[in-house]
Amino acid sequence: MLTSIPHRAARHLLPLLLAPLLAGCPGKADEPDPRIAAQWAAPARCGQPAYAWREDLPLGEVLEHHPGDPMGLFEELTAEALQKLMADSGRDLGVAPVHDVASFRLRYRTQDRGESTDATAILALPLLSRGERATYPLMVYFHGTSGLNDACAPSAGLGDYLASMALASTGFVVVAPDYLGLRSLGEPSPELHAYVTGEPTAITSLDSVRAARALLPRLGLGVEASEQVAFFGGSQGGHAALFAARFAPYYAPDAAPAVVVASVAPADVVGEVVRSTEERLSATSNTAAVLAAWADWYGLDLAGVLLPPHDRDVPDWLLANCGIGGLPGGAPPAEIFTPAFLEAASAGFAGEDAWSCAVRENSLPHLSLEALEAFPTLFVQSESDELVHVPAERAAFDALCEQGMTLEYLECAGATHTQGALDSVPLQLEFVRARLAGEPWPAERICQRSPAVDCG
């Protein structure tokens, strides 16, 4: 049978076909993987002080929850009202709502660099008639760039409530984590949001799955989440979804996804940062913001990569504003980044210095944490993306396939960054439902990068 499957697809299908056979073999699936214990004991990277992940914490414990958004507008919505709000807000996902929905904000227990902390999230779910019960797959909705301070937390605003509720209305329990450093409840976050930082984003997101499962029975609404989990994210959220999937077998196998969608994601952060240092682009501001976040999380000196006054002005701006693009001055890269950082970029961040390490550790093709499982993943890009460097991401797709990931490629012809992510939502959900339903995944789609198509 496998002789009829393209060679590149066959090498990815074999582990999926053999897994059920190996599961019953002594000494195969039952042996603990020493790589997991090693990661728990020593997750620090790039010169960070040593720490260990905590096993003694009630991870995912719900500390508080409240119905609806902070303004009390979206506690419950009918499918018809949700459809109108999505259209009026310009956030139409191209998928008609089916169920009435309810939403909640929650604060839950997680960890960061071996210390107990808390994070916040949105929970949205189909609303049943009194006395009814139903079970739906659980979807983790990973939001895109919103900003780097607490005021920018998606659960503190409205836009991601609508997106979460729209996805829930199609038949999912949706949890939308705010990520570390974006907190809408409890004490203020002590640092900038860990923007495009793989480990903390993955950990807080995986613990949000546990929190959602813990909260559902307390709501008494008759809705349960099945064991099936889908990761679904775009832009920064696509990066987050990919990293959460990579970390899941190490940190939270109980939250591991059955399927992943990563749209317009900067998977190859090495390639993205190199490009943003070559000329002044929209992505140059994002790179400055990412460096400010990494300085906080890794404990690095921002003055080593950003010239004055940017080493002071960029963090100050990010603490006071939401979004990206507020890089003071809009100067060319040579007036923003230090000569040492530009030299590291010209070498592809292959050096042993801590900053080059940070770039690699948050770039999926270069990440030192190897993949333990291959989750079916849809990798979406926009042909005319003005923010993400598509040639670098095409190469990342190929590299990740060579590393053993199971990916399907979709490129939206002529689409900009946002257009590609939104126009392809129906195709993204079709992929999710097909994988959750166990439908055959055509071999010619697995790790075969196809030409751009019309996603509208």
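Phe397 is buried in this predicted model, with a relative accessibility of 0%. Its ring pairs with that of Phe379 in a tilted arrangement, 5.7 Å centre to centre and with 55° between the planes. Because Phe379 belongs to strand E9 and Phe397 to helix H12 (residues 390–402), this pair ties together parts 18 residues apart in sequence. Phe379 is buried too, again with a relative accessible area of 0%.

**Around strand E8**
- E9 (residues 377–382) runs parallel to E8, and four bridges pair the two.
- What about cover for E8 (residues 259–263)? Five of its five residues are buried.
- That goes for both faces: Val259, Val261 and Ser263 are buried on one side, Val260 and Ala262 on the other.

**Rings elsewhere**
- The count of aromatic pairs comes to 12.
- Trp297 and Tyr298 make an edge-to-face pair, because their planes stand at 90°, over the 60 degrees needed, with ring centres 5.0 Å apart.
- Both Trp297 and Tyr298 are buried.
- One aromatic cluster brings together Trp40, Trp53, Phe247 and Tyr251.

**A charge over a ring**
- Arg435 places its charged end over the ring of Phe431, 5.0 Å from the ring centre.

Definitions and conventions
Residues are numbered from 1 along each chain as its sequence is written. This is a predicted model: local features need pLDDT of at least 70, side-chain atom pairs count only at pLDDT 80 or more; totals for chains, interfaces and linings use all residues. Side-chain values use heavy atoms; hydrogens and water are left out. Buried means under 20% relative accessible area, exposed over 50%, partly exposed in between (1.4 Å probe, protein chains only). Two strands pair if DSSP finds at least two bridges between them. Rings of Phe, Tyr and Trp (its six-membered ring) pair if their centres lie within 6.5 Å; planes under 30 degrees apart count as stacked, over 60 as edge-to-face and the rest as tilted. A charge sits over a ring if NZ of Lys or CZ of Arg is within 6 Å of the ring centre and within 35 degrees of the ring normal.
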